[in-house]
Amino acid sequence: MKVISIINYKGGVGKSTVTFNLGAELAAKNKKVLLIDFDGQGNLTKFSGIEENVKIKANIVDMLSSVIAKTNLEADPIYSITDNLDIIACDIRKENWSIRALSELARETILKRYLDGLKERCDYDYILIDNAPSVNLDFQNALVASDEYLIITEPEIASSDGIYTINNIIKDIKNCFNKDLKATGVVINKVQERTNFHKLMEEVIKEVWGSDVYIFKTVIPKAIAIPESEFESMPIGKYAPKSKVACTFSNLADEMLTKESC
């Protein structure tokens, strides 16, 4: 079971979109995947469509609160999206929880403590954590709990600023809490066709990380089908399976699996 945090300090780069569609493509390739919505905005939860199909009795906020209180809830709040693809939801209560957690001892390890128990109860190939655009306590919890991190960026100057910021935070997390934390790589999202700016973004990434981080060859194009599929609460591979962007997400999953097998 590999835990991967999907991150960037800048908002709007498409972290939730990539988490949802990459998870769906991995599931389609017979990998058992759990998505964790770790953002109080709950975009990943909305994309999944589970709010329309089931009554959510508990979510990640309840589980983290139970870790702090040292109590056990009846069951993990895991809901099925499709075959091989599950989710633990999130909602706005997470913002208040994050403030309360600041006074807790070992507050950076709360999510890790929950996932350590989850790993004993469940059998997933991947856990993908969708993070808010911040470097606060939630972000620290996610990286402490993860084996790897996947950076989502877009070919814009503001997105490159986020790369510089998170690089420094990741160094601190590795030094203080998780020395084995590794980079899955960087995915460039929302690429406009007929432009080469994503090539300049690759140069920025190489300048920050050198050869220490893998830049995925698969770049995700900007496509109107993405927000349409999210509105319909469907992964792009199901909403528009023959579209270019659906094929790209399938290729991204293939590249990740091939990279790991090398």
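S233 counts as buried because its relative accessibility is 14%, where buried means under 20% relative accessible area, exposed over 50% and partly exposed in between (1.4 Å probe, protein chains only). This is a predicted model, so local features need pLDDT of at least 70 and side-chain atom pairs count only at pLDDT 80 or more, while totals for chains, interfaces and linings use all residues. Residues are numbered from 1 along each chain as its sequence is written, and side-chain values use heavy atoms, with hydrogens and water left out.

**Loop residues with positive phi**
- S233 sits in the loop between helix 10 (225-231) and helix 11 (236-239); helices (H or I, at least four residues) and strands (E, at least two) are DSSP runs, numbered from the N terminus.
- Phi of S233 is near 55 degrees, which is positive even though the residue isn't glycine.
- K190 also has a positive phi, near 60 degrees, and isn't glycine either.
- You'll find K190 in the loop between strand 7 (182-188) and helix 9 (197-209).
- K190 counts as partly exposed because its relative accessibility is 31%.

**Nonpolar cores**
- The largest nonpolar core has 36 residues, and L22, L26, L35, L150, I236, F249 and L252 have the most contacts inside it; such a core is a set of buried Ala, Val, Leu, Ile, Met, Phe, Trp, Tyr and Cys residues joined through side-chain atoms within 4.5 Å.
- Apart from that one lies another core, of 25 residues, including F38, L118, I127 and A145.
- Beyond its neighbours within four places in sequence, L26 is in contact (heavy atoms within 4.5 Å) with K31, V33, Y126, L128, A253, M256 and L257.

**V144**
- V144 belongs to helix 7 (residues 137-145), and it counts as buried because its relative accessibility is 5%.
- Not counting residues up to four places away in sequence, V144 touches E108, T109, K112, I173, F177 and N178.
- V144 and K112 are 32 residues apart along the chain, yet their C-alpha atoms are separated by 6.5 Å.

**Helix 4 with helix 5**
- Helix 4 (residues 60-69) packs against helix 5 (residues 93-101) at about 20 degrees, with axes 10 Å apart; axes are lines fitted to C-alpha atoms, for helices over the stretch in contact, and angles run from 0 to 180 degrees between N-to-C directions.
- That makes the two helices roughly parallel, since angles under 35 degrees count that way.
- On helix 4, I60, V61, D62, L64, S65 and I68 meet R93, K94, W97 and R100 of helix 5.

Notes
Angles under 35 degrees count as roughly parallel, over 145 as roughly antiparallel, 65 to 115 as roughly perpendicular and the rest as oblique.
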